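Reader: I have a structure open and a few things I'd like to check. Can we go through it piece by piece?

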Protein chains: 2
Amino acid sequence: MAPSAPTPAYRRLSVEERRAQLLTAALGLFAHRAPEEVSLDDVAEAAGVSRPLVYRYFPGGKQQLYEAALRSAAEDLRHCFDEPRTGPRLPRLARALDRYLAFVDQHDAGFSALLQGGSVVETSRTSAIVDGVRRAAAEHILSHLEVDSPGPRLRMTVRMWITAVEAASLIWLDEGKQPPAEELRDWLVDQFVAVLGVTAARDPQTAAVLAELSSPRHAG
Amino acid sequence: MAPSAPTPAYRRLSVEERRAQLLTAALGLFAHRAPEEVSLDDVAEAAGVSRPLVYRYFPGGKQQLYEAALRSAAEDLRHCFDEPRTGPRLPRLARALDRYLAFVDQHDAGFSALLQGGSVVETSRTSAIVDGVRRAAAEHILSHLEVDSPGPRLRMTVRMWITAVEAASLIWLDEGKQPPAEELRDWLVDQFVAVLGVTAARDPQTAAVLAELSSPRHAG
């Protein structure tokens, strides 16, 4: 199949394929625009189908398409955290951050709109999806730190750092993706070590985690 | 006037007084419950007036009352940042944090509901109010640091720390206000110094700010 050939006719795609095609079109639009700026006509046009067809697959209209696109993006984002549990730990974090920042780069306007809140498509469901990604990120980090039962101070430190990373991503997008992603990534890794250090001064568990992280085996 | 006497009759209050009374009742309810759990009947009952009277003052109903209450709470929160620009700087930050944490303590459920997002009363207007408070907090900190034109790295560091403080407040509420507010405050101040230290390694302006902050004059 020539890659540039447009999808020829409605009946050629299965229900699942059609759904995936509409979702891909929606994702492409929602990634780079605020949800307010995406209409169902835009999605239909991007997918090369009619508006009624979009409604047949997504009877809930834009809200349903947005939530489906968000779920799909959240799934992609979770994959950014997949990192083999071997080798020095700080470089593992750096690699996950590289993938995360690439994701932010590719979903810029949609990412900002989602996290800045107050959007018409924001509901308790969309908030729950975003929160699920945050929780997954925290669980990943704690599991890489190999802490059996992380105490409240360590957990709080990890969650605060994740929020700070989110804030950094939004500011980074606001400032035309400056500083370069590699510099931001190193800055964020260094911040992680620094805030662990602050918590280590008041929490033996965090002190042990930090000592292990700073050992030649893990500093990378 | 005996403080325990209920407000006696409708006509005794001026329009402004009545509005303020309804707003106070709404604030008290929205502070401790999610907006979904506050009805106009609750506000009417808390103010000791009828539901139609609430509508006469707030024809937009709950949404309008919520936004008015939020504006009033945001104003209170901004006052937490008021701190004379004299004396050592870190204790100034500690005092502002004490007031901020007292505010969080007093507006617990409402604060959580507001910042967790996805609420039915959340709009681009409510997000703008919250963002205005964040911006004010950043401006206050930068002005106390006496930096004329803060560069992007210093600004980003301050904004990331503010977001981390917000995250800490939400987790703190989630965890039954543990650790005690004074301990959390010291932890947050130490984190501020630590993240400035990370940025100082890659930004001369932040290095100068940090050197000044750590001097005996300002460390407190």
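Reader: Where is the place of Thr163(A)?

Author: This is a predicted model. In it, Thr163(A) sits in helix α8 of chain A.

Reader: Buried or exposed?

Author: Thr163(A) is buried, because its relative accessible area is 18% and the cut-off for buried is under 20%.

Reader: What does Thr163(A) touch, leaving out residues up to four places away in sequence?

Author: Thr163(A) touches Thr163(B) and Ala167(B).

Reader: And Ser169(B), which helix is that in?

Author: Ser169(B) is in helix α8 of chain B, which covers residues 152-174. Its relative accessibility is 1%, so Ser169(B) counts as buried.

Reader: Which residues is Ser169(B) in contact with, neighbours within four places in sequence aside?

Author: Tyr100(B), Val104(B) and Phe111(B) are in contact with Ser169(B).

Reader: How do the lining residues divide into nonpolar, polar and charged?

Author: The lining of the largest pocket has 16 nonpolar, 10 polar and 18 charged residues.

Reader: Cysteines next. How many disulfides over all chains?

Author: The count is zero disulfides over all chains. A disulfide is a covalent bond between the sulfur atoms of two cysteines.

Reader: Cys80(A), buried or exposed?

Author: Cys80(A) is buried, because its relative accessible area is 8%. Cys80(B) is buried too, with a relative accessible area of 7%.

Reader: OK, rings. How many aromatic pairs over all chains?

Author: A search of the whole structure gives six aromatic pairs over all chains. One of them is Phe30(A) with Tyr66(A), an edge-to-face pair at 5.0 Å centre to centre and 85 degrees between the planes.

Reader: Which helices do Phe30(A) and Tyr66(A) lie in?

Author: Phe30(A) lies in helix α1 (residues 15-32) of chain A and Tyr66(A) in helix α4 (residues 61-80) of chain A, so the pair ties together parts that are 36 residues apart in sequence. Both Phe30(A) and Tyr66(A) are buried.

Reader: And in chain B, why is the pair of Phe30(B) and Tyr66(B) edge-to-face?

Author: Because the planes of the rings of Phe30(B) and Tyr66(B) are at 85 degrees, with the centres 5.0 Å apart. The cut-off for edge-to-face is over 60 degrees. Phe30(B) belongs to helix α1 (residues 15-32) of chain B and Tyr66(B) to helix α4 (residues 61-80) of chain B, so this pair ties together parts that are 36 residues apart in sequence. Phe30(B) and Tyr66(B) are buried.

Reader: How many Å separate the C-alpha atoms of Ala73(B) and His140(B)?

Author: They are separated by 18 Å, and the two residues are 67 residues apart along the chain.

Reader: Backbone now. Is the peptide bond from Gln178(A) to Pro179(A) cis or trans?

Author: The bond from Gln178(A) to Pro179(A) is cis, with omega near -5 degrees. Pro179(A) is in the loop between α8 and α9 (181-200) of chain A. In chain B, a cis peptide bond joins Gln178(B) and Pro179(B), with omega about -5 degrees. Pro179(B) is in the loop between α8 and α9 (181-200) of chain B.

Reader: What about the phi of Lys177(B), positive or negative?

Author: Lys177(B) has a positive phi of about 60 degrees, although it is not a glycine. Lys177(B) lies in the loop between α8 and α9 of chain B, and counts as partly exposed because its relative accessibility is 25%.

Reader: And where does Glu146(A) lie?

Author: Glu146(A) is in the loop between α7 and α8 of chain A. Glu146(A) has a positive phi of about 55 degrees and is not a glycine.

Notes. Residues are numbered from 1 along each chain as its sequence is written. Chains are lettered from A and ligands numbered from 1 in the order in which they are written. This is a predicted model: local features need pLDDT of at least 70, side-chain atom pairs count only at pLDDT 80 or more; totals for chains, interfaces and linings use all residues. Side-chain values use heavy atoms; hydrogens and water are left out. Helices (H or I, at least four residues) and strands (E, at least two) are DSSP runs, numbered from the N terminus. Buried means under 20% relative accessible area, exposed over 50%, partly exposed in between (1.4 Å probe, protein chains only). Contact means heavy atoms within 4.5 Å. A disulfide is a pair of cysteine sulfur atoms within 2.5 Å. Ala, Val, Leu, Ile, Met, Phe, Trp, Tyr, Cys and Pro count as nonpolar, Asp, Glu, Lys and Arg as charged, and the others, Gly among them, as polar. Rings of Phe, Tyr and Trp (its six-membered ring) pair if their centres lie within 6.5 Å; planes under 30 degrees apart count as stacked, over 60 as edge-to-face and the rest as tilted.
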